[in-house]
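Have the viewer open as you read.

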Amino acid sequence: MQRALIERLLPSYVAGAEARSDAADDALYPEERAAVAGVSEGRRREFTTVRHCARRALSALGHAPVPLIPDARGVPRWPDGVVGSMTHCRGYRAAVVARQYDVRALGVDAEPWRPLNEGVLGTVSLPGERERLAALEASHSRLACWDRLLFCAKEAVYKAWFPDTRTELTFRDVSVEFDPTEHTFRATVLAPYRRDFTGRWLAREGILLAVAFDG
Ligand SMILES: CC(C)(COP(=O)(O)OP(=O)(O)OC[C@H]1O[C@@H](n2cnc3c(N)ncnc32)[C@H](O)[C@@H]1OP(=O)(O)O)[C@@H](O)C(=O)NCCC(=O)NCCS
């Protein structure tokens, strides 16, 4: 069987699970069903599938299945002592979880492997990042869509940053530097205060995937 994309990215202390399609029979807890009452069928299905992934990942940490209810800001409430993150994009859903004593914060993001729309890079990047991306386009053009990967890494960092800070960031509050050989990145939140993250990324099977870690 093919190894899951998410598993290629995770250190041993992080559990992950993914799905490429929505199963018709995945069920929600009543509290979860209430959280998506009235949304479109597509949204309900991605919400359901990613929670199924999250419960599979939690079981790898030894946790029994629990409802994963979004709070008022959309942040999923994980069991005590657990940090985690979820993502969905067309044709892909994934969840990652870890014990809080192994990692302080976790974020995951998946994006389709295609360039950002015209003009978007300028709004999500810093001048230094654009210089580094131009160099990567020249030296490693086939490895990834570097502009979309930058966006993906920043979304992963935001998902790791937000749950314990409850503070919004703009894309220009974060600086990302990729290592194209190790498939890692370093990210620094520059404002409102400095916080460093490390990350891993891959570009495979039409998907860009980034996971950000603090600690
Ligand atoms: C929250 C956000 C990052 C989600 O990213 P996305 O690419 O739109 O969507 P994804 O499918 O990858 O992720 C959605 C999941 O993220 C999680 N999520 C939602 N809001 C979140 C938050 N504030 N913090 C952490 N996780 C969050 C949820 O689990 C959600 O899935 P669910 O609703 O099914 O539970 C994005 O919508 C957003 O608000 N971005 C604005 C902030 C930003 O990007 N700032 C600059 C980055 S540095």
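## The largest pocket

Keep in mind that this is a predicted model. By type, the lining of the largest pocket splits into 17 nonpolar, 7 polar and 13 charged residues.

Where does the lining come from? Domain 1 (5-107) and domain 2 (110-214) each contribute at least three residues to it. Among the secondary-structure elements, at least two lining residues come from each of helix 3 (41-60), strand 2 (82-89), strand 4 (105-112) and helix 6 (146-165).

In soluble globular proteins, nonpolar side chains tend to be buried together. Here, the largest nonpolar core contains 29 residues. Within this core, Trp146, Val157, Val176, Phe178, Phe185 and Trp201 have the most contacts. At least two of the core's residues come from each of helix 5 (127-139), helix 6, strand 5 (174-179), strand 6 (184-189), strand 7 (195-204) and strand 8 (207-214). Which element gives the most to this core? Helix 6 does, with 10 residues.

There is also a second, separate core of 21 residues, including Leu5, Ile6, Val103 and Ala110.

Cysteine 53 is in no disulfide, and the nearest cysteine sulfur to its own, that of cysteine 89, lies 12 Å away. Cysteine 89 is likewise in no disulfide; for this residue the nearest cysteine sulfur belongs to cysteine 152, 8.3 Å away. A disulfide requires the two sulfur atoms to be within 2.5 Å.

Are these two cysteines buried or exposed? Cysteine 53 has a relative accessible area of 0%, so this residue is buried. Cysteine 89 has a relative accessibility of 12% and therefore also counts as buried, since the cut-off for buried is under 20%.

Leucine 106 sits in strand 4, one of the elements that supply the pocket lining. With a relative accessibility of 2%, leucine 106 counts as buried. Phenylalanine 197 is 91 residues away from leucine 106 along the chain, and the C-alpha atoms of the two are 9.4 Å apart.

Key:
Residues are numbered from 1 along each chain as its sequence is written. This is a predicted model: local features need pLDDT of at least 70, side-chain atom pairs count only at pLDDT 80 or more; totals for chains, interfaces and linings use all residues. Side-chain values use heavy atoms; hydrogens and water are left out. Helices (H or I, at least four residues) and strands (E, at least two) are DSSP runs, numbered from the N terminus. Ala, Val, Leu, Ile, Met, Phe, Trp, Tyr, Cys and Pro count as nonpolar, Asp, Glu, Lys and Arg as charged, and the others, Gly among them, as polar. Domain bounds come from an automatic or database domain assignment. Buried means under 20% relative accessible area, exposed over 50%, partly exposed in between (1.4 Å probe, protein chains only). A nonpolar core is a set of buried Ala, Val, Leu, Ile, Met, Phe, Trp, Tyr and Cys residues joined through side-chain atoms within 4.5 Å.
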